[in-house]
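Subject: Structure handover

Hello,

Here is the structure for your files. Please open it alongside this message, as my notes follow below.

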Amino acid sequence: MATKAAALILLGLICIEFASAQIAVDCCLSVESEKRLIPRNLVSYSVQRAGMGCDISATVFVNRKNMKLCVVPAEGNPGVQKLIDFLEKKRRNHH
């Protein structure tokens, strides 16, 4: 009986370790200017916030070749906001 209890405790500890493990996050390490991005080649975007698993804030665009392109955050950058607005409009028109 003691061995079953010990096995259950060990199994519980292993489960806790797996549950508390950090999930790897694919973060931008640097950002570029948005000036080289062609809107029609972009398919989606996401926002990366510093302190939420990544070191820097960035806007992450994905192009047709499924490449992630890290650019400056949209806040205070009208060019990036314009690209986001373009993708949002495109998404609304296709759904």
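Below are notes on the disulfides, the sheet and the helix packed on the sheet.

Keep in mind that this is a predicted model.

Disulfides

The structure holds two disulfides. With the bonded cysteines of the protein chain numbered in sequence order, they pair 1-3, 2-4.

The link of cysteine 27 and cysteine 54 is left-handed, with -75° about the S-S bond. This pair connects distant parts of the chain, 27 residues apart. Cysteine 27 sits in the loop between helix H1 (2-20) and strand E1 (42-48). Cysteine 54 sits in the loop between E1 and strand E2 (58-63).

Are these two cysteines buried or exposed? Cysteine 27 has a relative accessible area of 22%, so it counts as partly exposed. Cysteine 54 has a relative accessible area of 7%, so it counts as buried. The cut-off for buried is under 20%.

The other disulfide is formed by cysteine 28 and cysteine 70, with an S to S distance of 2.0 Å. The link of cysteine 28 and cysteine 70 is left-handed too, with -80° about the S-S bond. Cysteine 28 lies in the loop between H1 and E1, while cysteine 70 belongs to strand E3 (residues 68-71). The pair therefore ties together parts that are 42 residues apart in sequence. Cysteine 28 and cysteine 70 are both buried.

Sheet

Three strands make an open sheet. Their order is E1-E2-E3, and the pairing is antiparallel. E1 and E3 are the edge strands, and each pairs on one side only. From one strand to the next, the twist averages 25°.

In general, strands of a sheet pair through backbone hydrogen bonds, in a parallel or an antiparallel way. Here, E2 and E3 run antiparallel and are joined by four bridges. Which residue of E3 is the bridge partner of valine 62? That partner is lysine 68.

Helix on the sheet

Helix H2 (residues 78-94) packs on the sheet. H2 touches E1, E2 and E3. The direction of H2 makes about 125° with that of E1.

A place to start is strand E3. E3 is an edge strand of the sheet, holds cysteine 70 and is touched by H2.

Best wishes

Notes. Residues numbered from 1 in each chain as written. Predicted model: local features only at pLDDT ≥ 70, side-chain atom pairs only at ≥ 80, totals over all residues. Heavy atoms only, no water. Disulfide = S-S within 2.5 Å. Helix = DSSP H or I, 4+ residues; strand = E, 2+ residues; numbered from the N terminus. Buried < 20%, exposed > 50% of the residue type's maximum accessible area, 1.4 Å probe, protein only. Pairing = 2+ DSSP bridges. Axes fitted to C-alpha atoms, helices over the stretch in contact; angles between N-to-C directions. Contact = heavy atoms within 4.5 Å.
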